[in-house]
Structure formats: C-alpha cells, structure tokens
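Here are my notes on the model you sent.

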Amino acid sequence: MAAMDMCSTKPEPTLSFTQGLIVGQLSVVLLIAAFIKFFIFGDPPSPEVTAQIRATERRERSLAHKQSLLTLRTDNPREPQRTLNKKKSSILRNPPTLTIGSILNKTYYNVDSHQPESLDWFNVLIAQTIAQFRSDAQYDDAILTSLTKALNGTSRPDFLDEIKVTELTLGEDFPILSNCRIIPVDEDGLSMDSGPGVGKRFDPNSSRATREGARLQARMDVDLSDMITLALETKILLNYPKRLTAVLPVALAVSVVRFSGTLCISFIPSNPSQSTPTMMAFNFLDDYRLDLSIRSLVGSRSRLQDVPKIAQLIEARLHKWFDDRCVEPRFQEIALPSLWPRKKNTRGGDDGLDGNMASIGKGKGRELGRDLREEARKEVESEIGSRPDLVPEAGNLRYRRRSRMDSVGQMSMPGSLPGMTLDLQH
C-alpha cells in the first residue's frame, strides 16, 4: 500500500513543450533587445567624464614609468660612458666642455625666474606654412592618393572591402602656441625638478645637470579649435559559409573638433663615436585633450545612423594610436640635416635665375625665346610709332637716327649750338 502511494505521487510537468518553446523564444528576443538597447544604442558617457578617465589613466602610466626609472637609478647607479679615442684635429682648438648650465649662463636665461614667453611670431609662420599646404592640396591629389594607400595597406583583412575616401576637410583655423618655457631634463627626458628634491631651485653644477645626455627642453601650450574631417566608405564582407554571403555597407566620418596639450621639443646632440646625427625629439605631455566627432552609417536600405558603440570603439582606437606614438614616455625623433651653408642650397640673385632657366626644357626654352623676341619687337614698333626720328634698319630690330637736315639742305651736328652749320663741301 505504501509503495502504491509513493508511485502515485510523481511530479507532473508544469509546462508543456509548446509553452517551454515560447518561453525560450521570448528569452532570446529579450536578450537581443537588451543587447541592442544597452550595448548598441545605449547613451555614451559625457565627453567630460570620458576625458577625465583617460587623463587619469595616462597620468598613472606616466607616474609608474618615472617611478620605475628612479628605482633603477637607485639600484644600479650609472657609470660614465666611455667614448672611443679618435684622432682629433691639431688645428681646431678644443672648445670648453659645454653643459646646459653654461648655455643658460651665456644666454642669460634663468629657468627659475624667467617668465613664459608668447609665440605670436612663430604662430604667424606656422599659419603661413599650413595655409600654403592647404592651398597646394586643392590642386594636387597627392594627399588623397597617400591616404587611400595608407588606409588600404598591403594586407587588408578578408572581411573588409576597399576603403574609399569620400570627404577630406583640412580645416580653416590654425594652432595657437603660447606659454613657452625652458625646462632642463636628463638623459631620460625627466625634468630636473622631478624625483628627490622637488621644489628646490635648479642647480647647474649638480650631478644630474652635468651628466652626459642632459639637455634643455622647450615646453609650449598648443590649442586648436577647428573642424578637420576625414570621411570613409567601405563594405563588410561575410564570407561564411560561402564567399560573399552578405555585404554590409559602412560609412564613417571622423572629425577633430579640438586639441589642447603641452608640446615638448628638445635637441639631442650628435655622437661622433656612434656616427649618429643631431636629432630633434618631440612629444606631448599626458595632460592633453582630444575631442572627436564621429558619424556612422551602417546598412544600405535599413540604415543605422550614428551608432554610439561604433563611435566609442573608433575614438578609443584613435586615442591609443596617438598615445603609443608621441605621448610621454614615448617620443618621436627626427634626424636634422647639416646646418653648414652649401652652394647647392643657395637661392636668389642671378644664380637663381640661371638655375631656373637651365631647368626649363629645350622645347619650353625655344617657346620662351620666341615670346621674348616677339615682345621686344612690339616694344620697338611702339617706340618707333611714338618717335618719328627713329627708323628700323632693313631686316633687323635695331634702328638708327635720321640725319638732321635743315631747311637749306645743310646737315647739323647733334648737340651743336643753334645757328651753326657744318659745311662739308669745302
């Protein structure tokens, strides 16, 4: 009896197969709807919050790098580098040892009390250069060709079609540089005031200032408010389960709205022992601000416009690209050419004219010569028309003056006194 009672109390299924299928489908639909709403169409954080988060991350990375350098210096003090003994000239006099302290002393620059300088004159020169670059870009497709080649590259992914540049705006305003000051830095690019002894005045005779590799760095604030736009078009290709199963057109437009930061420029002297030229190093401090405006269009018929998640991904990639190249502790180096004056670099005067004429082709030279001769002929004819005392010689552009005959047939000497004649019959 007890066994029968136990068998009769089996639990019955509360939901049928159809009900379970409906619940499962609803769950999938709800998950997809939540993904689309919060992941794709979710409201992005404000630009101020995003900029503050990125600035904090960059600052922590810079401080960690400086701390690691200071730790390595404490654990492993550096020894002075030995240079190769090369034969020196016996004619040139040996200059005194040049340090950043002697440079500051001879240029009367006090890094502790000198006020930051404005760069108005430099802004004008930079503006002229950028204006000429924009003007040249209007008549030359070299920049479009270079951008298209750089974007497509040699190894484009299989799921990405050819990238086309549909819009390029180089802006209308110019960067403004200001608040320039000179900061002594060591061989690692760290300020002399960082690390131990913060707040002390600069000592040009300290071990860090006299160490090889110490140099002077110019820091200036950069501010640019403009609209620099690059618009692209491409297609995302779905090659599974077979090639070109689906094609999704994508259009993107990235605009730089504002950039502000601190630019650092310094010169690294050449090293004769290693045959390295003089280098110009530049980078930006980690407190920069880069505001971007990103527009997107996905699809051909049912289009998704300005998807926030796409904008966040592109903005994050652009910031990472910039940070990995020229934001401290990373920097860019440019080799400088020789500054000695050379004849081949001379321009102006007769040499410049002769060089320009020599660079003209033979056909262009003959055409230019004909134009010059025709212009000279017209000038001579106009002068003859205005002065009847000039007549051209036969078959030549040269002219001679008519003989001056008086009313009685006597020839007078040019420049003779009035009333005096020259009698040639006797």
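**Notes on the model**

1. Trp121 is exposed, at a relative accessible area of 56%, whereas Phe122 is partly exposed at 29% (buried is under 20% relative accessible area, exposed over 50%, partly exposed in between; 1.4 Å probe, protein chains only). This is a predicted model, in which local features need pLDDT of at least 70, side-chain atom pairs count only at pLDDT 80 or more, and totals for chains, interfaces and linings use all residues. Residues are numbered from 1 along each chain as its sequence is written, and side-chain values use heavy atoms, with hydrogens and water left out.

2. The whole structure holds six aromatic pairs. The ring centres of Trp121 and Phe122 are 5.6 Å apart and the planes stand at 70°, so this pair is edge-to-face. Rings of Phe, Tyr and Trp (its six-membered ring) pair if their centres lie within 6.5 Å; planes under 30 degrees apart are stacked, over 60 edge-to-face, and the rest tilted.

3. One aromatic cluster consists of Phe259, Phe284, Tyr288 and Phe322. Arg58 lies over the face of Tyr288, 3.9 Å from the ring centre (the criterion is NZ of Lys or CZ of Arg within 6 Å of the ring centre and within 35 degrees of the ring normal).

4. Phe322 is also among the buried residues of helix 8, as are Ile314 and His319. Helices (H or I, at least four residues) and strands (E, at least two) are DSSP runs, numbered from the N terminus. Leu248, in strand 4 (residues 246-268), is partly exposed at 36% relative accessibility.
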